[in-house]
Amino acid sequence: MALEKSAKQNEQNKLSMGLAAVVVGILIVVIMVACFGLYQRLVKNRERISELQSEIVKEEQRAEDIEEYRKYTETREYIEEVAREKLGLVYEGEVIFKEASSE
């Protein structure tokens with residue numbers, strides 16, 4: 001009777017161990033799938049960071065160009081250029097020659 005009880009207990013232990021192994025295996029698969037998804041997100045985020053860093057460099061260059069243009073617009077040279085081109089102003093005593101149109 002003791003042998004039957006021991007054999008039955010061994011069989012239950014084997015079944016329990018088998019179920020535990022299956023559960024652990026399923027957990028490992030789930031964790032691996034989750035890790036793969038996270039790795040893909042990591043790769044995409046790194047690419048996005050790279051893109052954003054290049055945009056930052058471009059925008060910094062654009063800001064420098066705008067600042068240089070702002071300084072240029074405050075110069076006498078720019079003011080004279082605009083006055084000549086858009087307003088048609090000239091210095092006193094200055095003569096402007098224009099090409100005759102072909103009409």
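**Labels and the numbers behind them**

Author: Let's start with Glu-74, whose place is in the loop between H1 and H2. Some ground rules: this is a predicted model, where local features need pLDDT of at least 70 and side-chain atom pairs count only at pLDDT 80 or more, while totals for chains, interfaces and linings use all residues. Residues are numbered from 1 along each chain as its sequence is written, and side-chain values use heavy atoms, with hydrogens and water left out.

Reader: Why is Glu-74 called exposed?

Author: Exposed means over 50% relative accessible area, buried means under 20%, and partly exposed is in between (1.4 Å probe, protein chains only). Glu-74 has 55%, so it counts as exposed. Ser-101 has 60%, so that residue is exposed too.

Reader: How do you know which label Ile-56 gets?

Author: Ile-56, which lies in helix H1, has a relative accessible area of 48%, so the label is partly exposed. As for the whole protein, 1% of its 103 residues count as buried.

Reader: What makes the pair Arg-70 and Glu-74 a salt bridge?

Author: The rule asks for a side-chain nitrogen of Lys or Arg within 4 Å of a carboxyl oxygen of Asp or Glu. Here the closest N and O atoms are 2.8 Å apart, and a salt bridge is what the rule calls that. The general idea is that side chains of opposite charge can pair when their charged atoms come close. Arg-70 itself is partly exposed, at 37%.

Reader: How many salt bridges does the rule give?

Author: The count comes to 5. One of them joins Arg-48 and Glu-51, at 3.8 Å from N to O. Those two residues are 3 apart in helix H1, which means about one helical turn separates them. Arg-48 has 45% relative accessibility and Glu-51 has 42%, so each counts as partly exposed.

Reader: What about Arg-76 and Glu-80?

Author: Their closest N and O atoms are 3.1 Å apart, and they form a salt bridge. Being 4 residues apart in helix H2, they are separated by about one helical turn. Arg-76 is exposed at 60%, whereas Glu-80 is partly exposed at 27%.

Reader: What makes a patch a patch?

Author: Its residues need over 30% relative accessible area and no salt bridge; like charges are joined within 9 Å, and nonpolar side chains (Val, Leu, Ile, Met, Phe, Trp, Tyr) within 5 Å. Glu-60, Glu-64, Asp-65 and Glu-68 gather in a surface patch of negative charge. Asp-65 has 39% relative accessible area, so it is partly exposed.

Reader: Which residues form the nonpolar patch?

Author: Val-22, Ile-26 and Val-30 do, with about 270 Å² of accessible area together. Areas like that come from the Shrake-Rupley method with a 1.4 Å probe, and for residues only the protein chains shown count as cover. Val-22 is found in helix H1 and has 49% relative accessibility, so it is partly exposed.

Reader: How do you know how the protein compares with a compact globule?

Author: Look at the radius of gyration, taken over C-alpha atoms; the globule rule is 2.2 Å times the number of residues to the power 0.38. A compact globule of 103 residues would come out near 13 Å, but this protein has 41 Å. The C-alpha trace spans about 130 × 35 × 15 Å along its principal axes.

Terms used
Lys, Arg positive; Asp, Glu negative; His and termini not counted. Charge placed at Lys NZ, Arg CZ, Asp CG, Glu CD.
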